[in-house]
Amino acid sequence: MKNYQDGGEAIVEAFRNMGIDYIMSSPGSEWSPVWEAMSRQTVEKNAGPKFIDCWHETVAVDMALGYTAVTGKMQAVLIHAGVGLMHGSMAMLSASKAEMPMLVMSGESTTFGADPEIALEPQWYGGVSEGGAHRFVAPIVKWSTQITSHATLYNTITRAGEMAQRIPQGPVYLNCSLEAMLHEWKKPDELRRVPPAPKTQPLAQDVQEIAALIKTAKNPVIVTETPGRDPAAFQALVELAETLAIPVIGGRASVYTNFPKTSPMWLGFGNLSYVDDSDLIILVCAKTPWYPPNKRPGVGKIVSISENSLKAQLAYQVLHADVYLEGDTATALRALTQAAKPANGDAAKIEERRKRWTAEHEKLLASLKAAEEKALAVGTLDAVAVAAVARSVLPKDVIVCDETITHMPIMRPHLDLDEPQSFFRVTGGALGQGIGATMGVKLASGDRPVVLFVGDGSFLYNPVIQALGASNTYNIPIIIVVCNNAKYEAMRKGHVIYYEGGAAASTTHHYGVKIQGPEYHELGQHFGLFGAKASTPAELKQAFTDALASVKAGKTAILNVVMTK
């Protein structure tokens, strides 16, 4: 009978001391030592991480990603050997591109049953041991290594966790030897709580240089993409923009709510015509704001404000920045607002600017309202009508997640998302992650309703059954809105762009476009989940109302929204 603590306890103790709340897992047979340590935690009523069986590796990694996006706290993911690692690698790549800290681990044998002193299951010989699975994912994570000894197990885990949380943040991967986990481990007396990563500070001279540029600029414009990940940065950006009357435009990669629609300085998303005559463009947490990337915008200088402006994980990036302000974004923006506060002689210039941009803001809101009235009058559902109905029914504290390609860019300006952490989108260009990430957002958000808008094509990339099963098992209810236009519209648009007037365009005979999908709203029936189909605004309004009641009762809801395009 084994009655001593082993490497499984070292792993759980490391998780405790890093403040990890959850172990997201698609479990594998190497993790018996960890399961024993978790059982001991339960029996002895010790504090420590909770366990969620996600049924699929992509769901596990994406749940960790979504949870961290809301809380800022790194989580742990345990998956199986090399095969499970490959399943989870797509989501790990997205975590890298999103600069999301995460500790991912899988294991394998290093003795393959050849050591008579260690009794191993036979699958580790000629089966699931890859002889160094960390090699597979090294290019897509911030750091990876192999743990081969119980003596280095604990400190390698805590070191990896600390590295994941340093700027630039990102996922780390550890390939852990089963033999190291099975070896006896005695808890050292000197173990400590792992401290949080310190915030980096902008240089005072950089703040002053950019403040001087703002004071002399006649037509400054802010373009932003990701500061809303941090609520403090969101508020600091509002203060800067409204104090100095600088309009804010959401850039190409606006994957969070970065600025409130109700602010008179809000000018929507993607309309970069406003920067054409700008003599100062201020990029706030922007990674790929321009397209085409080689065309320099504006007529003046470009400033980049970010903790990490230059993204090593991108194959190509052009910011055209003349000046950088690097450090914690909220700290940098607050310092800049203070340094650029208008003197008495600047008041008239700023008020004139405020009047101009407030008028543009009101004109934009009026055009959005007119578009909604026109769309709703038709009686069917396009992106504008869906957004208008959603805004009329969903509560103010709703969180919207997105995994559409063609619909959300149209819908988003019509949604009233005025608070930080009210919108999330998985970055990285990989579809099939929306449900898992949305579940992670919900897990972190308590009673707030969370809604995923997902295209029918994107939905089919998701491990749907596994995600719904985990949602049902762990009481993580979300609303899934399948924007069903029965096609991969992005495929069709790309084809037409490249072959305008070609054979497909002239005959509407497109390959890889049409989807003969299932009745999406029925897919949750095996778990007793709510489903509804809607093809008119009235039907969609009722479906949202019933879906909200379902999630309040603890059950995920799937809405099959039949769209005209």
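Colleague: How many disulfides does the count come to?

Modeller: A disulfide is taken as a pair of cysteine sulfur atoms within 2.5 Å, and by this rule the count here comes to zero. C176 is in no disulfide, the nearest cysteine sulfur being that of C54 at 20 Å, and C483 is likewise in none, with the sulfur of C401 nearest at 13 Å. This is a predicted model, in which local features need pLDDT of at least 70 and side-chain atom pairs count only at pLDDT 80 or more, while totals for chains, interfaces and linings use all residues. Residues are numbered from 1 along each chain as its sequence is written, and side-chain values use heavy atoms, with hydrogens and water left out.

Colleague: Is C176 buried or exposed?

Modeller: Buried means under 20% relative accessible area, exposed over 50%, and partly exposed in between, with a 1.4 Å probe and protein chains only. C176 is buried at a relative accessible area of 0%, and C483 also counts as buried at 0%. Across the protein, buried residues make up 55% of the 565 residues.

Colleague: What share of the contacts comes from residues 24 or more positions apart?

Modeller: Contact means heavy atoms within 4.5 Å; among contacts in the protein with a separation of 6 or more, residues 24 or more positions apart account for 78%.

Colleague: What does the C-alpha trace span along its principal axes?

Modeller: The C-alpha trace of the protein spans about 80 × 60 × 50 Å along those axes.
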